[in-house]
Amino acid sequence: MTKMQKKYKKGASVNYTSRNQALRKLQLTLADFRRLCILKGIYPVEPKNRRKANRGRLANKTYYLAKDIRFLTHEPIIDKFRHMKTYLRRLTKAKARNEKTREETLRNNRPFYKLDHVVRERYPSFADALRDLDDCLTLIFLFANFPLLKKLYEPRLRLCRRLSVEFLHYVITSGSLKKCFISVKGYYFQVEIRGEIITWIIPHKLGHKNPADVDFKIMATFLEFYTTLLGFINFKLYSDLGLVYPPKLNFAATTSLSTLCSEDEFSDEFLASLGLPIMKKPDTNPVDQVEVDQEAAQLLGNTEADEENRRKEEETKTLQKLFSKCKFFISREIPREMFAFVIRACGGNVSWDKTMCPGATYDVSDESITHQLVDRPKLNDMVVNRVYVQPQWVFDSINARQLLPVDKYLPGSVLPPHLSPFVEEKEGDYVPPERFGRRQAEEDVEEEPVKEVPSINLVENNAYLNGNLKRKRPETEETPAVKPATKEERKRSMRVESGQVQNVNVSNIVKRKADEEKRLREMTIPKKQKRLYDKIKFSQKKKRQEVEKLKRKRADYDKAAKQEATNDKKKQMKLS
Amino acid sequence: MPRKTAKHVARNKKKYWRKIDTQDIEDQLEDVRVQEMTGGRRSEQPDHVLYHIDTEHPLGSKSPSAEEMQVSSPIIRSIPRKRPPLDLNNLNTYKILEPHSSVQPPGSDSRQSRVSTSKSTKRLIESEKCTETRRAATKKYQTAVKQRAEALQRNAISKAEQMELIDPHVSQAYDLWNTQDDKKEKVRASVGPAMAAYVEQVYQTYDWKVPKHIIKHPSKLPAITTPLPGTSYNPTYDDHQDLLKKAVDVELEKERKDLKLQRNLPAMLTQSAAEPIKQAWLKEMSSGLFDDDVENDINGENNQSTSVSVGKPVTIETKTVQQRNKEKLQKKKEALNKAKKEKRIRDTQLFRIKSIRKEVDKETQEHGQLLQEREIKYENRKNYGTKKFGRYRFEEADLDLNLSDEITGNLRTMKAEGNLLHDRFKSLQKRNIIEPRVRAKPTKTKMKKYEKRSVREVGPNYQPK
């Protein structure tokens with residue numbers, strides 16, 4: 001006989017550990033345990049059967065995987081936590097005894113821990129780290145915009161600011177900005193770095209409010225990890241692009257401009273203003289990932305992907321040079337940092353008032369300025385040779401991938417709606433003409449088949465089709481022809497006419513051919529699936545009809561609007 | 001004295017005997033034997049055999065050199081030799097008196113204590129000494145200060161350098177994903193992989209195996225949800241209406257749930273509704289305590305006179321045997337009929353096998369579909385759902401939106417909505433990264449209030465004593 005199995009020696013009760021058990025095993029306080037879990041990326045789990053996990057009891061507990069906790073036992077950070085505990089005890093003692101020197105020495109030797117190994121552990125490759133950057137960036141930009149609170153460790157906030165500025169500079173120099181959007185929550189930005197799409201939010205700079213039900217300690221712990229992560233990522237990005245890290249300006253900031261702060265501080269301020277280009281390492285040829293990918297694709301012979309890639313690359317290039325011929329000036333009432341970043345990321349030059357922020361490269365009176373961003377209803381003194389636009393124009397232009405006409409964005413005018421670039425239209429949806437970026441893409445799609453058709457083995461196809469036609473033509477002519485009755489008529493009909501050049505529309509023929517093939521294929525569909533197929537077809541047809549209707553409506557509306565405008569003009573002419 | 005032999009040895013054995021060191025006796029005997037072999041015992045020999053007068057070296061003459069002494073070794077004592085003449089000038093007794101140290105004797109000045117007679121010179125000397133010590137002290141102090149400053153600076157520089165390497169608040173300037181542990185590599189190269197593994201085992205410096213699931217995210221929800229088009233600061237009318245509708249739907253759903261809960265809970269009684277119940281309870285509890293029982297009694301008497309019980313009187317109807325038999329028969333008949341009918345139905349079912357099969361097929365298909373749906377639902381919950389950890393359930397944050405009249409359509413006058421920190425916190429909770437918690441309220445110990453007796457006594461009927 002086998003030995004009797006004891007209860008709760010195997011299975012769920014052993015695989016899961018409750019939080020309190022974990023605390024006892026690791027000999028940590030709850031706060032420390034929480035921090036450790038966040039740093040190491042250990043998350044609670046929900047057992048399938050709570051009763052089994054808790055030895056038959058049905059209590060509301062937080063569970064962790066026992067393996068995870070076992071893994072945590074080897075963590076050197078735990079030891080540092082203990083050091084921290086003793087440090088705090090000593091410090092409080094010294095404070096209570098009013099021992100100033102001891103307190104100071106203690107403070108100078110405050111224990112700390114490094115998270116390098118944890119980052120390496122959680123993100124074994126650089127791509128993994130990039131994939132998880134959304135959260136990291138959002139949190140760091142959020143804290144970078146915080147005031148220096150007593151709750152938060154000051155050096156960490158400063159680090160946040162620095163890291164965020166470094167990242168923005170990278171985006172500017174690499175030109176990887178894809179989308180931007182102003183929402184009520186904040187500014188959404190999307191970039192593409194090494195094929196990874198990264199989205200993050202920068203909050204509006206509108207005063208600091210402390211939400212009541214947020215555990216600040218937890219967020220600070222997340223921040224601790226993310227600052228380490230972003231530090232490494234920034235270094236890697238900079239070094240791969242051949243930039244000097246930490247970033248330095250090409251232009252040396254001099255203290256002669258301001259005698260109030262040190263040179264270091266001043267250069268930092270200049271750097272943070274995002275208005276000036278940063279230094280590149282001499283004699284480095286950064287590896288262009290896109291090119292490498294393309295070459296690989298070519299070698300593999302993946303033409304479709306190649307096409308797609310080329311289109312994408314063209315789009316990015318247009319975006320990078322979107323504002324290259326523009327020179328912007330930002331007025332005081334506009335959130336300078338965001339707009340400076342966006343304009344510079346698209347290749348534009350930008351400046352602002354000298355009293356607003358350091359890093360201004362030219363003055364309002366500069367005559368080469370092409371666009372001035374203005375967000376106030378009225379302007380008193382305007383210069384003739386520049387365009388005054390509202391800031392939304394910049395964001396809309398970027399999303400449309402072209403410089404939009406400025407007439408709708410003039411100061412004081414009611415702006416057209418700011419559309420979200422994150423809305424993805426499905427195939428065949430109706431797209432209002434306001435959605436510029438989409439429209440362009442659609443046009444591309446429409447053009448493509450026309451371009452493609454002749455490229456598919458033109459000569460062979462032609463010969464084949466022409467042959468086919470020649471064979472067919474006489475047949476079709478023969479059947480409807482009624483036999484001429486009399487000889488004369490026959491004679492008359494036997495007339496020889498001058499030859500005409502056959503007008504063969506190749507694309508039309510190809511299309512007809514494709515349609516026929518499609519029809520044949522449709523016929524082979526089994527009955528069961530046929531119904532579903534019909535359903536899909538029907539829904540598509542309905543959708544198309546709907547779209548057509550909307551388009552027609554729009555066309556009518558546009559026409560009417562145009563006519564009205566012309567009528568108004570005529571009236572005015574008459575009046576004048 | 002304790003015996004060194006083991007105690008367990010029997011006392012009548014030779015082993016138990018006391019052991020005495022006899023080496024000196026042996027030596028003595030050996031010596032005697034040697035003396036007897038070399039011409040008799042010394043003690044028994046006359047003096048002239050043992051000694052002779054040295055006439056070669058009379059007292060005071062030069063003593064023989066070491067070589068000579070060696071040559072004239074004393075072993076051959078039996079052959080008398082001439083002694084070298086005594087060198088009186090070189091006697092050991094005189095030599096001892098001569099100085100034998102290589103250190104020169106101190107000067108005659110220092111050996112003599114300077115005895116200054118005058119008070120002034122004494123004072124002068126003292127003051128000189130004083131200044132000298134002071135100067136030495138200051139010099140010592142200055143050097144110490146200098147050294148300390150230098151050390152401090154050195155320390156600070158080294159510390160700064162170290163901090164730059166270690167401080168978590170200075171971002172690291174090295175490629176994390178392309179570095180290798182040099183120390184480990186060196187060890188491996190010098191010792192070999194097997195030994196290196198052992199060393200790592202001993203010092204616990206090996207890399208712990210990371211559980212694979214750590215790289216995975218606990219939820220497949222994106223960190224940043226794509227913003228709804230209605231949240232634009234200047235949205236189109238339709239988009240904004242959609243957003244508002246969504247928010248309204250959320251609110252209605254909340255209300256519906258609340259209503260459902262209210263309906264299922266026993267209705268909380270309002271004070272006015274609870275009053276009659278309270279009264280009744282009071283009455284019941286206080287029945288028989290007060291005088292008003294008399295009235296009740298009278299009423300009771302009145303009731304008694306009319307009827308004894310409230311309900312109808314119960315009569316027990318018994319069945320006769322005949323009746324029972326009849327019923328039995330009836331039951332049997334019914335059962336038979338039922339069986340017959342069932343059989344008939346079954347027989348007819350034989351002819352509609354096809355349709356039955358169809359029905360069965362349909363049922364299984366439906367069942368399969370249901371299973372599939374459930375599976376999909378489960379997968380969705382696993383991948384995108386928010387799990388429940390601990391006591392509290394996750395509560396979704398409100399949608400951030402501008403109301404219709406809050407939209408200004410202008411960046412400068414825009415009204416920002418929502419807190420990003422709150423949003424992040426909720427997002428982390430939603431993605432199963434942290435558990436939802438309720439902030440513990442700060443506990444306040446209740447103050448116990450009481451009046452002093454002397455104060456309490458002072459009432460409206462108080463009369464001072």
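**Chain contacts and a surface patch**

Student: Tyr198(B): buried or exposed?
Tutor: Tyr198(B) counts as exposed, because its relative accessibility is 52%. Cut-offs: buried is under 20% relative accessible area, exposed is over 50%, partly exposed is in between (1.4 Å probe, protein chains only).

Student: What am I looking at, and how are things numbered?
Tutor: This is a predicted model; local features need pLDDT of at least 70, side-chain atom pairs count only at pLDDT 80 or more, and totals for chains, interfaces and linings use all residues. Residues are numbered from 1 along each chain as its sequence is written, chains are lettered from A and ligands numbered from 1 in the order in which they are written, and side-chain values use heavy atoms, without hydrogens and water.

Student: Where is Tyr198(B)?
Tutor: In helix H8 of chain B. Helices (DSSP H or I, at least four residues) and strands (E, at least two) are runs numbered from the N terminus.

Student: Which residues form the nonpolar patch on the surface?
Tutor: Val187(B), Val191(B), Met195(B), Tyr198(B), Val202(B) and Tyr203(B). Patch residues have over 30% relative accessible area and no salt bridge; nonpolar side chains are joined within 5 Å, like charges within 9 Å.

Student: Which elements give two or more residues to it?
Tutor: H7 and H8 (193-203) of chain B. H8(B) gives the largest share, four residues.

Student: What is the secondary structure of chain B overall?
Tutor: 15 helices and zero strands. Of its 465 residues, 15% are buried. The accessible surface of chain B comes to about 42,600 Å², with 55% belonging to carbon and sulfur atoms.

Student: New topic. How many salt bridges are there over all chains?
Tutor: 39, counting a Lys or Arg side-chain nitrogen within 4 Å of an Asp or Glu carboxyl oxygen. In one of them, Asp215(A) meets Arg437(B) at 2.1 Å, N to O.

Student: Why does the pair join two chains?
Tutor: Because Asp215(A) lies in the loop between strand S5 (196-203) and H12 of chain A, and Arg437(B) in the loop between H14 (420-430) and H15 (453-457) of chain B. Asp215(A) is partly exposed at 22%. Arg437(B) is partly exposed too, at 37%.

Student: What does Lys236(A) form a salt bridge with?
Tutor: Asp175(B), with the closest N and O atoms 3.0 Å apart. The pair crosses between chains, from helix H12 of chain A to the loop between H6 and H7 of chain B. Lys236(A) is buried at 8%. Asp175(B) is buried at 16%.

Student: Which residues are linked in a network of salt bridges?
Tutor: Asp135(A), Lys185(A), Asp423(B), Arg424(B) and Arg431(B).

Student: Is each one buried or partly exposed?
Tutor: Phe232(A) is buried at 1%. Tyr174(B) is partly exposed at 27%.

Student: Which residues do ring pairs link into a cluster?
Tutor: Phe141(A), Phe167(A), Tyr187(A), Phe189(A), Trp200(A), Phe339(A), Phe341(A) and Phe395(A).

Note on methods
Phe/Tyr/Trp six-rings, centres within 6.5 Å; stacked < 30°, edge-to-face > 60°. Areas by Shrake-Rupley, 256 points an atom, 1.4 Å probe, with all protein chains shown as cover.
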